[in-house]
Amino acid sequence: MAIRFQRIIPAKQILKRFLPSPDSVNVPKGHVPVYVGESQKKRFVIPISFLKPPSFQNLLSQAEEEFGFDHPLGGLTIPCREEAFIDLTSSLKPPA
């Protein structure tokens, strides 16, 4: 009885597409990775609750206009200065 390895290799390639990347594994439940910066992108992990306030919704609208829904880095990409993002998120309260 011969084993056909030709079918195993494509299956592994297909599975790699659906398995989480190492970066996404390090995101705690209830959080989302966000890439912030104008030229150099820095990764932040924020609570999902931060996505709801109107101030953050404005940033998300800007991100949608600039990047659409294609986020090559694997998380949300927000086109603002890192300092502005930190100021905004520090004013939001994380869930208790």
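Residues are numbered from 1 along each chain as its sequence is written, and side-chain values use heavy atoms, with hydrogens and water left out. As the model is predicted, local features need pLDDT of at least 70 and side-chain atom pairs count only at pLDDT 80 or more, whereas totals for chains, interfaces and linings use all residues.

A search of the whole structure identified 2 aromatic pairs (rings of Phe, Tyr and Trp, the last by its six-membered ring, with centres within 6.5 Å; planes under 30 degrees apart count as stacked, over 60 as edge-to-face and the rest as tilted). Phe-44 and Phe-85 form a tilted pair, with 5.0 Å from centre to centre and 50° between the planes. Because Phe-44 belongs to strand β2 (residues 42–47) and Phe-85 to helix α4 (residues 82–91), this pair ties together parts that are 41 residues apart in sequence. Helices (H or I, at least four residues) and strands (E, at least two) are DSSP runs, numbered from the N terminus. The rings of Phe-56 and Phe-85 have centres 6.1 Å apart and planes at 65°, so this pair is edge-to-face. It links Phe-56 in helix α3 (residues 54–67) with Phe-85 in α4, 29 residues apart. Phe-44, Phe-56 and Phe-85 form one aromatic cluster. The relative accessible area is 16% for Phe-44, 0% for Phe-56 and 1% for Phe-85; each of these residues is buried (under 20% relative accessible area, with exposed over 50% and partly exposed in between; 1.4 Å probe, protein chains only).

In α4, the buried residues are Phe-85, Leu-88 and Thr-89. Viewed down the helix axis, they fall within an arc of 95° and therefore line one face of α4; the arc is that of the directions from the helix axis to the C-beta atoms. Asp-87, Ser-90 and Ser-91 are exposed on the other side of α4. The buried residues of α4 pack against β1 (31–36), β2, α3 and β3 (76–78), where contact means heavy atoms within 4.5 Å.

The open sheet has 3 strands in the order β2-β1-β3, with mixed pairing; two strands pair if DSSP finds at least two bridges between them. β2 and β3 stand at the edges with a single partner strand each, so one side of each lacks a neighbour in the sheet. The antiparallel strands β1 and β2 are joined by 6 bridges, and Pro-33 stands opposite Val-45 in β2.
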